[in-house]
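Visitor: Please put the model up, and I will ask about it piece by piece.

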Amino acid sequence: MTTPTLPTPPTPSVPPAPTAPSLRGPRGTWTPAQIALTLVAAALSLVWLAPLAWALSTSLKTPTESVTSPHWIPQDLTLESWKAVIEAGNIPNWFVNSVVVSVCVTFIVLAVASLAAYGFARTEFRGRSALMALTMAGLMFSPAILGVPLFTTVQSLGMVDTYWGMILPQCAPAAMVYILYKFFQSLPKELEEAAFIDGAGRWRIFFTIVLPLSKPSLSAVGIFTFIASWNNFLWPYMVTNNPDLMTMPNGIATVQNAFGIVWPQLMAGGLLAGLPLIVVFVFFQSQIVRGVAHTGLAGQ
Amino acid sequence: MSTLAHARTLPPRTAVAADSARARWSRRFQHGGWFVAPFFVLYGLFVVLPVVRGLYLSFTDANISGDHTGFVGLDNYREALKDDLVWDSLWHSVQFTLYVVPVIVVVALLMALIAHHTVHFKWLWRLCFFAPFLLPSAVIGNLWWWLFQPTNGMVNHVLGLDTPWLTQKSTAMLAVVVATLWWTVGFSFLLYLAALQNIPHHLYEAAELDGANAFQRMLHITVPNLRNITGLVLALQVLASLQVFDQAVVMYQFGPGPEESTRTFVQYTLEQGFTSYRVGYASAISFILFIIVAAVALGRMWLLRNREEVATR
């Protein structure tokens, strides 16, 4: 991040610094060690991209070509499968459901978790430490563990096969509260005290001082909540049977295969499900990278 | 302010005002419960209630519709201990964890070292290594189901083999491990990359001045500075891997895999709950998984605390 990736001409006069090139600055960096390291990185990147390339290539083949002898470049390049996936079937529907569910989850989590984290970090109330302990205990429960009882709970609330049934159980993440709690604690108290002396109430302090200062943390939490929710398979799989209500991951795993496997369509559907987040990543790469570091290191 | 008369006395007026304001500030925040209330409504409904309910159900013979519920005491737990499929599926999840965690840690660290030390195209390596993490687990399952096809799959095409990866017991779990490594290593990679970037430069500069070579700098500066992050990566990976479900189940079309060799623990609880409709029994075995996961999490906390105590001694 600190080194601009402008193509610099090789200047062999600079002495090599094989393992800590950043000490030397961005100039004259095409040392033999750098060239070797870059080749290794490129090779590994190719290996990591190969499955995606294969999926893309498959999606551009005809169904018969996909199951004849394997090869990378499609002979009759065709968008047939993409068209079939977009026009027929439920995929556009699932896509919309995914958008609705993940956007709702993200906003509810941001609102609820930031309020709770601020409450824990800055306010006093009876039972605060007990509730904090309860929240920490929740870090050990996941939908994978709670699946069956969570389902019966949602069932008794009458929310099976509804949007709310998909959305609300994803909206109480103890981990996000914890991350924001740590962050709010690290903010200097003096700012808030000064605002209080000037007559601001606690809600106003929260909305006009604390939240604007917390943009990096909030965007990290928001981005991760969105990714987790968009990719969530287990919970929507449990709580929906109605194909019209399914989300992308759920639909392509359960329904799309049910009518016989057409590999190009399966790959086109998969790429379509993954595309939005890849696009988001390309545009918000540095925020996401910082977000991972931030959220990860908060758990340290 | 009615205390103007005292303004001339020490301590100075501003300090007094700030002090009383501070007191009022903390008093006004006595009712901070409103801040946490919305979270706890959701948390209570969708975490606390299911936990309590699950614990209760685990002592009953409840079915999916919730009627005909009878209290059966510890019968479910007793049955679980004698149920071969509980042990088999638990072993599969543990086996998966034992395979995947070390590989992820090593590959993530290697990737981070490579991406950190290359000067050019850092963004490109980051994009390539992290991109698969953004795909939904269901897509991972479908994708690798296709890639591992014996005659038309990419894996055999590239390696020049004709191994039936997904239909023989010896490679079935390996296939899930490979898919999972490809999918999730990017997250740990980013954690390592961030940790590497956090190591202060002056340490390397000082070591270089003292004549340490690249290998010595790596051994005495990089490795010790990555100890904490390695602990974190290990803990996160073990906890996630023990709860493996999505990718395995999609790769094997919701079945148990060849010779039932990839049925994971979570899969078995869901089969009991939603296929056999035995909600009581499913809840009981869920709590067995919870105990294991909690033991790992608490064990890590205990280790961390011990290390802190040692460090402050």
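Visitor: Among contacts in chain B between residues at least 6 apart in sequence, what share joins residues at least 24 apart?
Guide: This is a predicted model, in which local features need pLDDT of at least 70, side-chain atom pairs count only at pLDDT 80 or more, and totals for chains, interfaces and linings use all residues. Residues are numbered from 1 along each chain as written, chains are lettered from A and ligands numbered from 1 in the order written, and side-chain values use heavy atoms, without hydrogens and water. Contact means heavy atoms within 4.5 Å. Of the chain B contacts between residues at least 6 apart, the share joining residues at least 24 apart is 66%.

Visitor: Where is B:Ser188, and which residues does it contact beyond its neighbours within four places in sequence?
Guide: B:Ser188 lies in helix H8 (residues 169-198) of chain B. B:Ser188 is buried, because its relative accessible area is 1% and buried means under 20% (exposed is over 50%, partly exposed in between; 1.4 Å probe, protein chains only). Leaving aside neighbours within four places, the contacts of B:Ser188 are B:Ile104, B:Ala108, B:Val233 and B:Gln237.

Visitor: Which residues of H11(B) are buried?
Guide: Helix H11 of chain B covers residues 227-242 and reaches 23 Å from first C-alpha to last, close to the expected 22 Å (1.5 Å times one less than the number of residues). B:Leu232 is 44 residues from B:Ser188 in sequence and 9.3 Å away in space, C-alpha to C-alpha. The buried residues of H11(B) are B:Ile229, B:Leu232, B:Val233, B:Ala235, B:Gln237, B:Ser241 and B:Leu242.

Visitor: What area do chain B and chain A bury between them?
Guide: Buried area is the accessible area (1.4 Å probe) that two parts lose on being put together, summed over both. Here 107 residues of chain B are in contact with 119 residues of chain A. Carbon and sulfur atoms carry 76% of the buried area, which comes to about 10,300 Å².

Visitor: Which helix of chain B gives the most to the side that touches chain A?
Guide: The contribution is 19 residues, and the helix is H2 (residues 33-57).

Key. Helix = DSSP H or I, 4+ residues; strand = E, 2+ residues; numbered from the N terminus.
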